[in-house]
Amino acid sequence: MTTDSTTLPLHLVDLRPTLSGAEMAAVLVPPRQFDTASFDSYRPDPDHPSQAATLQTVREFAGSWAPAKPTGFFGRGKKAPAAKAGIYLDGGFGVGKTHLLAALWHAAPGPKYFGTFIEFTALVGALGYAETVKLLTGAKLIAIDEFELDDPGDTMMMTRLLGDLVATGSKLAATSNTPPNALGEGRFAAQDFLREIQALADRFDIIRIDGLDYRRRDIEGHAKTMSSEELAAQISSLESNGARFTVDSFSQIVAFLGSLHPSKYIKLLDDVDALVMTDVVELHNQTDALRLVAFIDRVYDAQLPIYASGVRLDQVFAGDMLNGGYRKKYLRSVSRLIASTQY
């Protein structure tokens, strides 16, 4: 990424990130807030028994890499029914699905890869399909967070990719807010792609996990917004503390994101401690809104605070966006926007 490190504050719109396929593969690991995630550190909510049950199921799945024990006379006992190649955690926002996925990744032998759905599709875009299969072949585990299918092309590509990897012995684990047999509903003619969607579903044991969003249990129900005076004081505080931060108008950021492939969003945040967004406004264009969702996912993964003025960030998705086919994706982003402004 090219920037003048002596000029502060930085501006996101001045950055020109580059990201090779090799670099994209190197960062296919859990977000840093899950560096130490383990099964023991997961705290099931006693009010939602499915969380404890899911924890046990994922633990058992992690044991599938252990050598099989012989049974019966000379080890010729009755064989257990063949397990599916993957597990699929379906649940709401903030119930610990990513924690469990990261814990599974840490428990699995290598080689192994962990990434969001968009990171895996971006890898195919950067390397090409054949090279991506070559790179991932031999992985003991492919962990896919936030499994979302936004168009039929992704449906068919991911079905083919996962099928090819399972055929070489890889196990799969995924999380989503939508069970795989419902992916695509409300977004495209799902009935035309039923075969592909069903093929995805057939590869997973689907586990439902319920609960409250932990990010919103103890915080206000809205993202924080600042007056111009408060924002100026915050910028002065960041400067005096030697922080590396960016200052951009919200509209400039939205326009800038449209000039980059989403796979490069993560590179924008290298060595950045905070983001300042001025004059936040509602978004009425769904393409812009989906780009912002992808960007906020990366901001949240990097655990960066956002200081903003104007419309509250959890209210930027205007009109009927929260009632359409991408509703769950927008609601996840709202949850993360609220969390990112709690400083």
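Trainee: Which residues do ring pairs link into a cluster?

Mentor: Tyr88, Phe117, Phe147 and Phe204. Keep in mind that this is a predicted model.

Trainee: How many aromatic pairs does the structure hold?

Mentor: Seven. One of them is Tyr88 with Phe204, an edge-to-face pair at 5.2 Å centre to centre and 70° between the planes.

Trainee: Where in the chain do Tyr88 and Phe204 sit?

Mentor: Tyr88 is in strand S1, residues 86-91, and Phe204 is in strand S5, residues 204-209. They are 116 residues apart, and the pair links distant parts of the chain.

Trainee: Is Tyr88 buried or exposed? And what about Phe204, buried or exposed?

Mentor: Tyr88 has a relative accessible area of 0%, so it counts as buried. For Phe204 the value is 1%, so that residue is buried too.

Trainee: What is the geometry of the pair formed by Phe117 and Phe147?

Mentor: That one is tilted, with 45° between the planes and 5.2 Å centre to centre.

Trainee: Why does that pair tie together separate parts of the sequence?

Mentor: Because Phe117 belongs to helix H4 (residues 117-127), while Phe147 is in the loop between strand S3 (141-145) and helix H6 (152-167). The parts it ties together are 30 residues apart in sequence. Phe117 and Phe147 are both buried.

Trainee: Switching to charges over rings. Which ring does the charged end of Arg160 sit over?

Mentor: The ring of Tyr129, at 3.8 Å from its centre. There is also Lys112, which lies over the face of Trp105, 4.5 Å from the ring centre.

Trainee: New topic, strand S6. How many of its residues are buried?

Mentor: Five of five, across residues 245-249.

Trainee: Which way do they point?

Mentor: Phe245, Val247 and Ser249 point one way from S6, and Thr246 and Asp248 point the other way. All are buried, Asp248 included.

Trainee: What joins S6 to strand S7?

Mentor: Five bridges, and the two strands run parallel. S7 covers residues 274-280.

Trainee: Which residue in S7 stands opposite Phe245?

Mentor: Ala274.

Trainee: Last one, Ser333. Where does it lie?

Mentor: In helix H12, residues 327-340. Ser333 has a relative accessible area of 0%, and the cut-off for buried is under 20%, so Ser333 is buried.

Trainee: What is Ser333 in contact with, leaving aside neighbours within four places in sequence?

Mentor: Val293, Ile296 and Phe317.

How values were computed:
Residues are numbered from 1 along each chain as its sequence is written. This is a predicted model: local features need pLDDT of at least 70, side-chain atom pairs count only at pLDDT 80 or more; totals for chains, interfaces and linings use all residues. Side-chain values use heavy atoms; hydrogens and water are left out. Rings of Phe, Tyr and Trp (its six-membered ring) pair if their centres lie within 6.5 Å; planes under 30 degrees apart count as stacked, over 60 as edge-to-face and the rest as tilted. Helices (H or I, at least four residues) and strands (E, at least two) are DSSP runs, numbered from the N terminus. Buried means under 20% relative accessible area, exposed over 50%, partly exposed in between (1.4 Å probe, protein chains only). A charge sits over a ring if NZ of Lys or CZ of Arg is within 6 Å of the ring centre and within 35 degrees of the ring normal. Two strands pair if DSSP finds at least two bridges between them. Contact means heavy atoms within 4.5 Å.
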